[in-house]
Amino acid sequence: AALLLRHECWAALRAWCANEEALGDYVYARELLACGHGGPAVAAFERAAGTAAVLMEQLTGARHEAGARATAAYFEHVAGALGEYGALAEEQQFLHKAATLAE
């Protein structure tokens, strides 16, 4: 999945998400972000936060327990993605969320 994300293979990712429900909102958010739709992407990233532990395990290969730490890691990851596409205000918003949860 990470390789498909890097290469922005949206059709393949949508097909894969049909079996991996937890990734659906996240992949949709990444696609929106890549297409320059930052506002809707942020909303989809926030919807996906409910499955942060599953998402982080899928994206990093490392096991994450559900809870504030997994959600903080997810928010930090999302901030990095937002920064890559130049959505700096949104990047800062998600970094703040991550830092608040990590306290």
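Q: What is the relative accessible area of G83?

A: Start with the scale: buried is under 20% relative accessible area, exposed is over 50%, and partly exposed lies in between (1.4 Å probe, protein chains only). G83 has 23%, so G83 is partly exposed. This is a predicted model: local features need pLDDT of at least 70, side-chain atom pairs count only at pLDDT 80 or more, and totals for chains, interfaces and linings use all residues. Residues are numbered from 1 along each chain as its sequence is written, and side-chain values use heavy atoms, with hydrogens and water left out.

Q: Which helix holds G83, and what does G83 touch beyond its sequence neighbours?

A: Helices are DSSP runs of H or I with at least four residues, strands are runs of E with at least two, and both are numbered from the N terminus. G83 sits in helix α6. Contact means heavy atoms within 4.5 Å. Skip the neighbours within four places in sequence, and G83 contacts L88 and E91. C17 is 66 residues away from G83 along the chain, and their C-alpha atoms are 24 Å apart.

Q: How many helices and strands does the protein have?

A: Seven helices and zero strands. From the N terminus, the order reads α-α-α-α-α-α-α. The radius of gyration, taken over C-alpha atoms, is compared with a globule rule of 2.2 Å times the number of residues to the power 0.38. Here the radius is 13 Å, close to the 13 Å that the rule gives for 103 residues, so the protein is as compact as a globular protein of that length. The C-alpha trace spans about 40 × 30 × 20 Å along its principal axes.

Q: What share of the residues is buried?

A: Buried residues account for 35% of the 103. Now look at contacts between residues at least 6 apart in sequence: 41% of them join residues at least 24 apart.

Q: How many residues make up the largest nonpolar core?

A: A nonpolar core is a set of buried Ala, Val, Leu, Ile, Met, Phe, Trp, Tyr and Cys residues joined through side-chain atoms within 4.5 Å. The largest one here has 29 residues. Y26, V27, F45, Y74, L82 and F94 have the most contacts inside it. At least two residues each come from α2 (10–17), α3 (24–34), α4 (38–48), α5 (52–60), α6 and α7 (88–102). Helix α6 gives the largest share, six residues.

Q: Where is T71, and what does T71 contact?

A: T71 lies in helix α6, residues 68–84. Its relative accessible area is 18%, so T71 is buried. Apart from neighbours within four places in sequence, T71 contacts A49, A52 and L101.

Q: Which residues of α3 are buried?

A: Y26, V27, A29, R30, E31, L32 and L33. E31 has a relative accessible area of 18%. Leaving out neighbours within four places, E31 contacts W10 and R14. Just after α3, G36 has a positive phi of about 85°.

Q: How many aromatic pairs are there?

A: Rings of Phe, Tyr and Trp (its six-membered ring) pair if their centres lie within 6.5 Å; planes under 30 degrees apart count as stacked, over 60 as edge-to-face and the rest as tilted. There are five pairs. Take F75 and F94: the ring centres are 5.5 Å apart and the planes are at 70°, so this pair is edge-to-face. The pair joins distant parts of the chain, with F75 in α6 and F94 in α7, 19 residues apart. Ring pairs also link Y26, F45, Y74, F75 and F94 into a cluster.

Q: What surrounds F94?

A: Not counting residues up to four places away, F94 touches V42, F45, E46, F75, V78, A79 and L82. Its relative accessible area is 0%. F75 is buried too, at 9%.

Q: Which rings lie under the charged end of K97?

A: A charge sits over a ring if NZ of Lys or CZ of Arg is within 6 Å of the ring centre and within 35 degrees of the ring normal. The charged end of K97 sits over the F75 ring, 5.3 Å from its centre. It also sits over the F94 ring, 4.8 Å from that centre.

Q: How many disulfides does the structure hold?

A: A disulfide is a pair of cysteine sulfur atoms within 2.5 Å. The structure holds zero. For C35, the nearest cysteine sulfur is that of C9, 13 Å away. C9 is partly exposed at 30% relative accessibility, and C35 is partly exposed at 48%.
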